[in-house]
Each structure stands twice: as C-alpha cells, then as structure tokens.
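Thanks, everyone. Please have a look at the chain on the screen, and then I'll walk you through it.

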Amino acid sequence: MSDSARIDVHQHLVPPALGRAMAERAEALGWPAPVWDVRSAIAMMDRRSIATGLLSFPAPVGAPGDPAGARDGARSVNEYTAEVVKDRPDRFGHFAVLPLPDVDAALAEAAHSLDELDADGLTVLSNVHGRYLGDPAFEPLWAELDARAAVVLVHPTAPPVAPVPGLPGPLVDFPYDTVRTALHLVLNGVPGRCPRIRMILPHAGGFLPYAAHRFAVAARLRPGSTPEGLLSDLRRFYFDTALSAGPAALPSLLAFAAPGHVLYGSDFPMLPEEWATGFDSGLDEYPHWEPGQLHAVDRGNAELLVPRLART
C-alpha cells in the first residue's frame, strides 16, 4: 500500500447478528441490502487504494422507547467493531455508536468506547427518532465530547417526514437531513460552544456548501447573530466525499469548506462498490487541484484528525 493510499473516514460494517435487520431496513428505504464481511471489505480497499477504513454503524441501535435495547445494541456493535480493529489495526479504525437519545447512556458508552475500546471517534445519527442534534437535552454530551476534542461522524438517517414514493430515502432524504441537523446545531450554538469537537458531515454535507449563503440568512432571525458568524460556524464542520465527488459538487465543496476540512469517504457497503468507482475517478481526475490538495483529501487531513494513522 503506497504512502498516498487513502484513509476512508466513511466506511461501514454490518455485524453478523444484524445482517437481517440491516437488509430489512435497506429494503424499507428502497436501497440495496448491504453485504459485508472483513475479507470482502479488505479486498474492496485494496482495489480502491484505501489503506485504512474507519468503521461505523449507520443505523439506529434500538427502537423508539426502548432505551435498554439501545444501550445493549450500542455496546454489542462497539465491542464487535473493536474486535475487528484489534485483529487488523493496520486496515481498520473505529467510530463507536452512541445510544441516543439517552444522554446518560451515551456519555457512559462514549467513555467506554474511547477509554476501553480505543475508538478513534464516535458516530451519531442526524436525528434521533425525530429529535435533532441541537436539542438542548444533548448539551451534556457535547460538553463532554468537547472536553475530549472528539471526532464525531454525523451520519444521516431518514427524516421524520413521509418519503416520496419511488425515491429511495438514502438517495434523496439523507442529504436533506444532514442539512437539517447541521443548521439545527449551528442555530442552537453548539459549534460555537464546543469548538474542540471535530464533526464530519458525510456526502459533502448534503447540499450545505452549495446553499450555505442562503442558510446564513437565518441569522437575521436570531438576535445577536450575523450571517458572517453563522457561515463561520458552518465552516467548522468537516465534509467527506462519499457519493459527492462529481464535477458539479466538488467546486462548491472546495469553495466553501475550510482548509483541511475535506476527507475521503467511500460509504461502503451501503453504497455498492460498482456504484462508487466513478466518484473515485472524479477525485483523481478533477482538473483544478492545488498542489498537495488531493493528497490532503485522500489522507493528509484524516491523519490530522486521527494521528495514529499518520505515516512517518
């Protein structure tokens, strides 16, 4: 594996015990069922020049109103993932999932995952059974993760609205929900109060970079806010390239994101590999990279977020 091989900050796993549940969820969303195992993941990574994949679980770990099930589900997923990483630390890292909306349980699972399982960061969904991440009830979690300077992947999920028949939720609704939660976080002041958290928005932030200046108008609705301040807070986010390295999206993403805030993502196996090769080519063949910029997107920026992955 070459020194320029990618670090994939948006790669998933499907624990064997959850394979059927994930297939049923994918079917309900109108999306192909993910198929995953360690061997196939490494083979995919070798084909696509990915040195390391930071694994996360991109679905709810418990049903609404079942906090005990969510606690148990998160612990099971995280301990399974930690074993995968333990067996192949050269190829995998770990973003542990949290059992929100139970904040006390999420705090306990964050401490267990970061301190005992050596997780590289954490994963939360863009909404938790309809509650968005700027909800004041989640403030103790953000304060603790800020104290830890944690890396947090904010993975999209289905918004609490009726889907459009014939339009798969992951294709249409997930980018929309990413924007919803990002704005909710900013308008509730979370990035400003917790500047040490490094939050990653998948899929180039949905359409956030393209529409950021439109969203900045929301500052007019908040006493003491300014459009410039809101844009500054939106630029605190990191963005990955999964499903988004196209000739129309890349210029908008690179024009908006702060330096060092764009990261490579594959979304495997939620995005079938044969669907994704064009996005890899879109990165490699983009004609407007500045010197060193593609290397930074492929791995350099991720090395700064997860220093253990840096190559000397």
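First, a caution. This is a predicted model.

Now the overall picture. The chain has 13 helices and 10 strands. Its radius of gyration is 18 Å, close to the 20 Å from the globule rule for 312 residues, so the chain is as compact as a globular protein of that length. Along the principal axes, the C-alpha atoms fill a box of roughly 55 × 50 × 45 Å.

How much of the chain is buried? Buried residues account for 56% of the 312. The accessible surface comes to about 13,400 Å². Carbon and sulfur atoms contribute 57% of that surface.

Next, the contacts. Take those between residues at least 6 apart in sequence. Of these, 77% join residues at least 24 apart.

And the charges. There are 25 positive and 37 negative ones. Their mean positions are 3 Å apart.

On to the aromatic rings. A pair of rings is described by the distance of the centres and the angle of the planes. The count here comes to 4 aromatic pairs. I'll show two of them.

One is phenylalanine 207 with phenylalanine 215. The ring centres are 6.2 Å apart and the planes are at 45°. What about burial? Phenylalanine 207 is partly exposed, with a relative accessible area of 36%. Phenylalanine 215 is buried, at 13%.

Another pair is tyrosine 286 with tryptophan 289. Here the centres are 5.2 Å apart. The planes are at 75°, so this pair is edge-to-face. Tyrosine 286 is buried, at 13% relative accessibility. Tryptophan 289 is buried as well, at 17%. The cut-off for buried is under 20%.

Now the backbone. Most residues other than glycine have a negative phi, and most peptide bonds are trans. Let me go through some exceptions.

Cis bonds to begin with. Which residues does the peptide bond with omega of about 15° join? Leucine 100 and proline 101, and the bond is cis. Proline 101 sits in the loop between β3 (92-97) and α4 (103-116). A further cis bond runs from phenylalanine 268 to proline 269. Omega there is near -5°. Proline 269 is placed in the loop between β10 and α12.

Stay with phenylalanine 268 for a moment. Its loop runs between β10 (262-263) and α12 (273-285). Is phenylalanine 268 buried or exposed? Buried, at 7% relative accessibility. Which residues does phenylalanine 268 touch, leaving aside neighbours within four places in sequence? His10, Gln11, His12, Val35, Trp36, Ser40, Ala41, Met44 and Glu273. For a distance across the chain, take alanine 137. Phenylalanine 268 and alanine 137 are 131 residues apart in sequence. Their C-alpha atoms are 32 Å apart in space.

Positive phi next. Serine 49 has phi near 55°, and serine 49 is not a glycine. You'll find serine 49 in the loop between α2 (38-47) and β2 (50-56). At 30% relative accessibility, serine 49 is partly exposed.

Leucine 243 also has a positive phi, about 60°. The loop this time lies between β9 (238-240) and α11 (249-256). Leucine 243 is partly exposed, with 29% relative accessibility.

Where is glycine 169? In helix α6, which covers residues 169-187. Glycine 169 is buried, at 7% relative accessibility. With neighbours within four places set aside, glycine 169 contacts Leu29 and Phe174. Alanine 249 is 80 residues away from glycine 169 along the chain. The C-alpha atoms of those two are separated by 20 Å.

Find the cis bond between phenylalanine 268 and proline 269. And find the positive phi at serine 49.

Conventions
Residues numbered from 1 in each chain as written. Predicted model: local features only at pLDDT ≥ 70, side-chain atom pairs only at ≥ 80, totals over all residues. Heavy atoms only, no water. Helix = DSSP H or I, 4+ residues; strand = E, 2+ residues; numbered from the N terminus. Rg over C-alpha atoms; globule rule 2.2 N^0.38 Å. Buried < 20%, exposed > 50% of the residue type's maximum accessible area, 1.4 Å probe, protein only. Contact = heavy atoms within 4.5 Å. Areas by Shrake-Rupley, 256 points an atom, 1.4 Å probe, with all protein chains shown as cover. Lys, Arg positive; Asp, Glu negative; His and termini not counted. Charge placed at Lys NZ, Arg CZ, Asp CG, Glu CD. Phe/Tyr/Trp six-rings, centres within 6.5 Å; stacked < 30°, edge-to-face > 60°.
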